[in-house]
Amino acid sequence: MVIQMNGQPLVVVEGLKGHYVGMFGVVHGVDGVSLTIEEGEGVGLVGESGCGKSTLAQLVTGVTGPMLHYQEGTVQVDGYNVYDIPEETLRTEVLCKRLSYIPQAAMDSLNPVKRITGLLQDVVKERTGRRPTSDEIRRTAGDHFESLGLSRGVLDLYPHELSGGMKQRVVVAISTLWNPKILVVDEPTSALDVSSQKMLIKTLAMLRDRAMVKSMLFITHDIPVARQICESLAVMYCGQLVEVGPVEGVLDAPQHPYTQGLLASIASYEPQQGGQQWLESIPGRPPDMREPPPGCRFHPRCASAEARCAVEEPTEARLADGRSLRCWRYMGGL
Amino acid sequence: MNSGASGTLLEVRELTKVYTSGYLKTTHVVGCQDVSFLLDRGEIVTLLGESGSGKTTVANVVLRLFKPTSGEVILDGKDNFSYPPREYYARVQQIFQDPYGSFNYFYRVDRVLHKAIAFRKQRFSTGDRKQRILEALDIVGLNASEVLGRYPHQLSGGQLQRILMARVLLLEPQLVIADEPTSMIDASSRAGILNHLLGLRERGIAMLFITHDVGQAAYVADRAVVMDTGRVIEQGPADKVLFAPEHTYTQKLLADVPKLHEKWDLSTDHEPTAVPADSQG
């Protein structure tokens, strides 16, 4: 795979905070996240369920939901500060041209009473104001579908005629018709069998290989999947990024106690290593994000927590391989 | 008939289940076809396959939730439908996929544990019952003061699933059917559940572990049965089936599993060659 990272940041997130407000109180879904996605870089965002991964993705797109509120911080997508531009500019310049977002379970949002061509006619009309004929769609979208390994015939099918894996790949193909610079994709593989999962991973790799998409923010709870298509890994815990760095570095030598615990608890299939290591789960349970613990958020479950971890929030430390880490153990020497 | 530590506990013999639906326009769907395998006492056998491969159909017949179309399930030398229900479920118990759906939310979680003890033939004194519950919770790594007296919604999925394991311990069955027991659990708690399942084996309880996750299958199983579209594709010792498979389907399935310390070659259009190329390749 030839992926060029020319060091131009495409997405810059700084000090981003967002919360949900509802009858249940205020849930701090994303609480101070800074992340840079360079041009050509694939970033995998991993963590347990409920740690704020999907919230972060949604905040990056600039479209907050009925209960999700943007609180503070900045998100720059290819030079556009998404919380500082008019809604229409956000729609036409960012969402229509630069950033595509595939939310979780997007494959269930295909219109069940229309063929894929019909859905695409609607999409194009919404985007350009003109409704194309289905022949135009077959011609233009057909090329794109074929280049992603989907047959042209798929365009004339109804969603119920497609398998889950196919639907997901169709959604990916539709979202990348206009070659967005960055693709934000949320748990695309979680409902799929391993073989369809692999097809989808190949499709995503192909997108970047053929320069249809430059960068990707890939959200998953399945770390081995992120390993296959990402150059960087961001580990999220309780609304914050605890460890961000090159994927090999983070997986081969995790430094944050949470990353270490998470990796030690995965029953992954490793024929190269000749069988299984003994697995250990992380004691305790994820904290209530209405009242996150003071200090380091992981300290109640951390085996190497010290007195200061319970009171002071760790600041960011940089390791030699470009990794960033939020843990007091690395604040002194490194 | 075998008794004692080794020997066959469960035999599934040429099991076929065809689901029929509709009255005027009847449709038939094959759930599983000619499935045969053995399960020894105190051993963990994994049924591994993708969705729709018939794993759960087999489990449901073993649990007597469905009658098979043909074939039989033999527990301890007798057909499973020939046992009186109470006696059968004293021997065979299950842990389901969804711990949240396994509890009645109107009652405290203690109730399932007390019911489990009441289900047994032996009668215990109140003190004895309490003692047994505390022991069982301790074995599955739960702190009794954190869970007893609580309602299901106050506990996490991992805690609920472990309470169901404590329940199984109180019943002391010969066989547990665990159908995807970790799929609704947070990633960081999964390992604990798997380790406690291995703990059940230490106590002599055999298990049919149903999963689509090759990593988990390799972690817990002594023997593996790989299924696809209702049929058994390959079976044998887990080390062999999962690390040196013979059948091309198993080879492909295993090659498609993403690995943590191995990166696929995604640049070329042909299949990655983690397995020896088969003849069509």
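Tutor: Two strands pair if DSSP finds at least two bridges between them. Keep in mind that this is a predicted model.

Student: What makes β3(A) and strand β8 (residues 215-219) of chain A a pair?

Tutor: They are joined by four bridges, in the parallel sense. The cut-off is at least two bridges, so the two strands count as paired. Within this pair, Val43(A) stands opposite Leu217(A) of β8(A).

Student: Which sense, parallel or antiparallel, does β3(A) have with strand β9 (residues 232-237) of chain A?

Tutor: Parallel, over four bridges. There Leu45(A) faces Ala234(A) in β9(A).

Student: How do you know whether strand β3 (residues 42-46) of chain A is covered?

Tutor: A residue is buried if 20 or more other C-beta atoms lie within 10 Å of its own. Five of the five residues of β3(A) are buried, so the strand is called mostly covered.

Student: Which way do the residues of β3(A) point?

Tutor: Gly42(A), Gly44(A) and Val46(A) point one way, while Val43(A) and Leu45(A) point the other way; all are buried. In a regular strand, side chains alternate between the two faces of the sheet.

Student: Why do β2 (25-38) and β5 (80-81) of chain A stand at the edges?

Tutor: The open sheet has four strands in the order β2-β1-β4-β5 (chain A), with antiparallel pairing. β2(A) and β5(A) each have a single partner strand, so one side of each is without a neighbour in the sheet.

Student: What makes strand β4 (residues 68-77) of chain A and β5(A) a pair?

Tutor: Two bridges join them, and they run antiparallel. At least two are needed, so the pair qualifies. In one of these strands, β5(A), Asn81(A) is the bridge partner of Gln76(A).

Student: Why are helix α5 (residues 164-175) of chain A and α6(A) called roughly parallel?

Tutor: Their axes come within 9 Å and cross at roughly 15°. Angles under 35 degrees count as roughly parallel, so α5(A) is roughly parallel to α6(A). The crossing is right-handed. Among the residues making the contact are Gln168(A) and Val172(A) of α5(A), and Met199(A) and Leu200(A) of α6(A). By class, the contact has four nonpolar, five polar and one charged residues.

Student: How many residues of chain A are in contact with chain B?

Tutor: 35 residues of chain A are in contact with 33 residues of chain B. The largest share of the chain A side, six residues, comes from α6(A). By class, that side has 15 nonpolar, 11 polar and nine charged residues.

Methods. Residues numbered from 1 in each chain as written. Chains lettered and ligands numbered in written order. Predicted model: local features only at pLDDT ≥ 70, side-chain atom pairs only at ≥ 80, totals over all residues. Buried ≥ 20, exposed ≤ 12 C-beta atoms within 10 Å, placed from the backbone. Contact = placed C-beta atoms within 7 Å. Nonpolar A, V, L, I, M, F, W, Y, C, P; charged D, E, K, R; others polar. Axes fitted to C-alpha atoms, helices over the stretch in contact; angles between N-to-C directions. Parallel < 35°, antiparallel > 145°, perpendicular 65-115°, else oblique. Left-handed = near helix turned anticlockwise from the far one by under 90°.
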